[in-house]
Amino acid sequence: MRSVRFRRAAILVAGGILLLLLVVGGSLLEATLAPAPPAPLAGNGDDSAQPAATPRPPSTLRKILDAEAAGLLNRPTAWLYRLYGGLDPAQVPAAFKGLDLPGKIGDLAQAGNQYRAALWARVGQARAALATASRHWKEIPDALKARFLPFRQRPTNPQSFWYAQFFGGATSQRALGLAAPAGATSFAYVDAVHTPIRVWYIKDSNDKGRQRAAKLATEIDSSGMWDKEKAVMLGHTPCSDAALDENGGDGRLDIYIVPPDREIRRSDSNGDRAYIPGGGDDYSVEGITIPEDSTAACPSIDFILLNDSEDWDALRSTTAHELFHAFQDSFQQTDDDSAWWAEATATWAEDLVYPTLDQEQSQLQDGGWARNNDGPLGPLDLFEDDGLAQYGAYIWPFYLTHRPGGDPTLIGQIYKASEHQAPIKTLHAMPDWNARFKEFALWNWNWDPVDMYRDHGAHIGPLAQSPVLLGDDGTLSLATASDQARVNLKETSMEYYEVARIDDGTNAGKLVHQLRFDLSGVTGQAGAGVQAIITVGSGAASRRYTEDWSSLQTKTFCRERPAEQVSKVVLVVSNANIGARQTIRGRINVDAIRDACR
C-alpha cells in the first residue's frame, strides 16, 4: 500500500507477523497498555546532559500485543482487532485504540508524515493479520471466522467488506459514474495476453476504466513482471483460484482496479467521523493483496486491489509490488515473524521489474534507513507499528543481490529456507553473516570511498546518513580534546559517529599530534562491528580509505606523519546479533592529544 504523496506505504504479504489476541470468560476484555520505552538518545557528552525523552503514546498494535502478553487476549481475537484497526476502526474496542486510529489522532493530525506513516503501517498490519489468520484458519472458532470472512471476499460479492467500500456508504453511483447499480454487473475485465492475469475495472460512461485496464494488462505483459518474479522465486507461481466458487471465471490471478473510498466515512466508537484507510489524496492506499482462501496444496489463494486514482508510474510499480506478494504467498510460511521480509522484498521487486523508475527509493528516508535523526538504523527485521521501516529495509535484499556475486534467486532461496523458520534466522545461518552485515552497514554510508551501490548504474541519491557528531559540533581540538561515542545498539542495527574536523589552530599552532580511539568498551562483544572511514589530508590532495577495527582495543594515529594526518573519521558501529536481548552497549572514547609521538 502506498499514498500518492507519501510513497509506497504498505502492502503486506502472507508472510504474517506475530499477532496476539484474547478472550476471557467469553467476553472481550479491554486493557490499557503501557507505552513502549523510548528509543535511546544518541549523542555526545554526559548522560546527565541529555534531555528526557517524552514517552510515545501506545499504538493500537502495541495495546493489542501487550494485552496478549498479559493473557487478556487470545490469538484469533487479536488478529481480528488488528484487522479492524487497519480497515474498519469503528469496530476496535475503545480500550485498544491508539493515537494511530481515527478519533484518536488529535496529537498526530498535524504531524504530517508521522501521521501518514502510522496510518499506512496499521493498514499494512491489517493485511498481515488477515494473512496470518488465513494460515491458521483451522484454529479460529466459527463465530470469529464469520467476522473475518467479509475481508476475504471479492469486491464483486455483496457480502464483501470491499463491496461496501466501492458501492455502498456515502459514495454515490453518480460520483463514480457507474453504468450499473452495483456489484458484479458493474465490473468488466481485460485479460493479459501472455500472462495468467485478469484485470478488472468498473464500467463507466466514458470508457476510461476499460482503457486503463487494457493499458495495465499490456504493461504486465510487456514489462515481463510475471517472468522476472517467477525466476527469482525459483519457479513458484501464485496459487490458482480455479477450484474456488468465486474465481473471476477461471484460474487467472485477478486484479481489481477500484476507486479509493474518499467519500466513505465511518463513525468510530467516540462518535467522530474519519476516513478509513484509502480516503483522501494524502492517504490513498495504492494497493493491497488479499488472501482469499487456501488449500492443502496451496498456502494462499490471493486477489489484488489497486487504487484507480494513482498516476501511471505508481500504478505499474504497485502492481509489481503486489504481484510479488502473491508469489511470496505460494510458499509455506509457518513462522509468523516474516512480515518485514515480505514488505522489504516486495519493495525490492519494484526495482527488479522497473530498475529505472526508482519509486522504491523514497522508502529509504520514509522508512528511517536514510537521514535518520532519531537514532540507529534498524533492527533489520523491524515491522514498525507506526512507521515504514519494513519498506525502507528493501535496501537489504538490494544489497544481497547487487554486491559482487549477488544473485537475484537468492531471494527465492531464502523464502524456501524460511518456510519453517523466521527469515532473520535463515539469514543469520548464512556462513558469512557477520561479514555481510558489517559490509552492509559500511555500504549504507553510501559516499566515497564506500559509494558501492548502483541502481541502473546510478548512485542512490536518497541514501545518505545523519551521523552523531563528536567533539564540538563535529570538531576536535586541543580545546575540545575528548568525547565519547555512546553506543546502544539493538539487534541487527547500525549507527554512525563522525569526527568531521581536526582543528590545529592557526598555522598549526595548536597541533593535535595524536588522535586516539579507545574501542575496548565495544569491541570484543559478540556481534559487534566497528569500522572506520578515514580521510587523510584535505582538499584535492586528500585520500579516503576504510579499516576494520572490530578486533582492536585501541587505534592511534600519529598526525605528525604525512600518511597519518587524519582530518576526518566516520565510525560505523554495527550489531550483527539477531536476538531481541542481544544489545551492544558501551563507549568509544576519542582523544585529541597534544603530546608528540614517540
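Q: What does contact mean here, and what share of contacts between residues at least 6 apart in sequence join residues at least 24 apart?
A: Contact means heavy atoms within 4.5 Å. Among contacts in the chain between residues at least 6 apart in sequence, 74% join residues at least 24 apart. This is a predicted model: local features need pLDDT of at least 70, side-chain atom pairs count only at pLDDT 80 or more, and totals for chains, interfaces and linings use all residues. Residues are numbered from 1 along each chain as its sequence is written, and side-chain values use heavy atoms, with hydrogens and water left out.

Q: How many helices and strands does the chain have?
A: Helices (H or I, at least four residues) and strands (E, at least two) are DSSP runs, numbered from the N terminus. The chain has 16 helices and 18 strands.

Q: What percentage of the residues count as buried?
A: Buried means under 20% relative accessible area, exposed over 50%, partly exposed in between (1.4 Å probe, protein chains only). Of the 598 residues, 58% are buried.

Q: Which residues touch the most other members in the largest nonpolar core?
A: A nonpolar core is a set of buried Ala, Val, Leu, Ile, Met, Phe, Trp, Tyr and Cys residues joined through side-chain atoms within 4.5 Å. Here the largest has 77 residues, and Trp369, Trp396 and Phe440 touch the most other members. Helix H10 (residues 339-353) gives the largest share, nine residues. Another core lies apart, with 33 residues, including Ile64 and Trp162.

Q: Which residues of helix H8 are buried, and where do they fall around the axis?
A: An α-helix has 3.6 residues a turn, so residues three or four places apart point the same way. In H8 (residues 225-232), Met225, Trp226, Glu229 and Val232 are buried. Down the axis of H8, they fall within an arc of 135 degrees (directions from the helix axis to the C-beta atoms), so they line one face. Their cover includes S2, helix H7 (208-223) and H10. Just after H8, Leu234 takes a positive phi of about 60 degrees.

Q: In what sense do S1 and S2 pair, parallel or antiparallel?
A: Two strands pair if DSSP finds at least two bridges between them. Strands S1 (residues 187-191) and S2 (residues 197-202) are antiparallel over five bridges. A hairpin of five residues joins S1 to S2. Asp191 has Arg198 in S2 as its bridge partner.

Q: Which strands stand at the edges of the four-stranded open sheet?
A: Strands of a sheet pair through backbone hydrogen bonds, either parallel or antiparallel. This sheet has the order S10-S18-S13-S16, with antiparallel pairing. S10 (482-489) and S16 (554-558) each have a single partner strand, so one side of each is left without a neighbour in the sheet. S13 (residues 514-518) and S16 pair over five bridges. Gln514 stands opposite Cys558 in S16.
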